[in-house]
Amino acid sequence: MCHHFACWCKQILLALEKTVIFKVTSCKTNQNSTLYLAPAGYKMRVIGLTGGIASGKTLATDAFKSLGVPIIDADCIAKSLMETNPSLKQLIIDHFGETITNDQNTINRQALANIIFSQPNERLWLNQLLHPMIRKSMIEQIDIAKKSNSSPYCLCVIPDRKSVV
């Protein structure tokens, strides 16, 4: 992890007295990520991090995680939902066909990605199915983080709208 980036994350955590929007550009890909910081007055601040593929979200997430900030990642939640919810998994397989499954009868995320990123209507279908469940899970995890009082902040990582699964 870049030392300067870790310092930048610490500065963000210290600057949370007002609503702030930070734009960050990845050194490697020149892609943008955006941090949305909640306004003052919350017992625990919820920081939203968005960005497209290869925009530096993982670098930011790792830096905040190293500072003890709880991470709530929409992509991880989506993956977990598809792996642990049998009725959801079957609904997705029924819609897209057996070609998206692998030998272990789990969803092959690469095969699914190939479909949804080449067919916008299929991505829309999947997003409409998953997003309410992801939002519910994120809210539940935020509540758990608030109750734990382990950190004055938590980071919600959400892909850019153009790259959402």
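Trainee: At what angle do the axes of helix α3 and helix α6 cross?
Mentor: This is a predicted model. Helix α3 spans residues 74–84 and helix α6 residues 120–148. Their axes come within 10 Å and cross at roughly 115 degrees.

Trainee: Is α3 parallel or perpendicular to α6?
Mentor: Angles of 65 to 115 degrees count as roughly perpendicular. The crossing angle is roughly 115 degrees. That makes α3, relative to α6, roughly perpendicular.

Trainee: How many residues of the contact of α3 with α6 are charged?
Mentor: From α3 come Ala-74, Ile-77, Ala-78, Leu-81 and Met-82. They meet Leu-130, Met-133, Ile-134, Ser-137, Met-138 and Gln-141 in α6. The contact divides into 9 nonpolar and 2 polar residues, and the charged ones number none.

Trainee: Are α4 and α6 roughly parallel or antiparallel to each other?
Mentor: Helix α4 covers residues 86–96. Its axis and that of α6 come within 12 Å and cross at roughly 170 degrees. Angles over 145 degrees count as roughly antiparallel. The two helices are therefore roughly antiparallel.

Trainee: How many residues of the contact of α4 with α6 are nonpolar?
Mentor: The α4 side includes Leu-88, Leu-91 and Ile-92. The α6 side includes Trp-125, Leu-126 and Leu-129. The contact has 1 polar residue and 1 charged; its nonpolar residues number 9.

Trainee: Which residues are exposed on the other side of α2?
Mentor: In α2, residues 57–66, the buried residues are Lys-57, Ala-60, Thr-61, Ala-63 and Phe-64. They cover an arc of only 165 degrees around the axis, so they lie on the same side of α2. Exposed on the other side are Thr-58 and Lys-65.

Key. Residues are numbered from 1 along each chain as its sequence is written. This is a predicted model: local features need pLDDT of at least 70, side-chain atom pairs count only at pLDDT 80 or more; totals for chains, interfaces and linings use all residues. Side-chain values use heavy atoms; hydrogens and water are left out. Buried means under 20% relative accessible area, exposed over 50%, partly exposed in between (1.4 Å probe, protein chains only). Helices (H or I, at least four residues) and strands (E, at least two) are DSSP runs, numbered from the N terminus. The arc is that of the directions from the helix axis to the C-beta atoms. Axes are lines fitted to C-alpha atoms, for helices over the stretch in contact, and angles run from 0 to 180 degrees between N-to-C directions. Angles under 35 degrees count as roughly parallel, over 145 as roughly antiparallel, 65 to 115 as roughly perpendicular and the rest as oblique. Contact means heavy atoms within 4.5 Å. Ala, Val, Leu, Ile, Met, Phe, Trp, Tyr, Cys and Pro count as nonpolar, Asp, Glu, Lys and Arg as charged, and the others, Gly among them, as polar.
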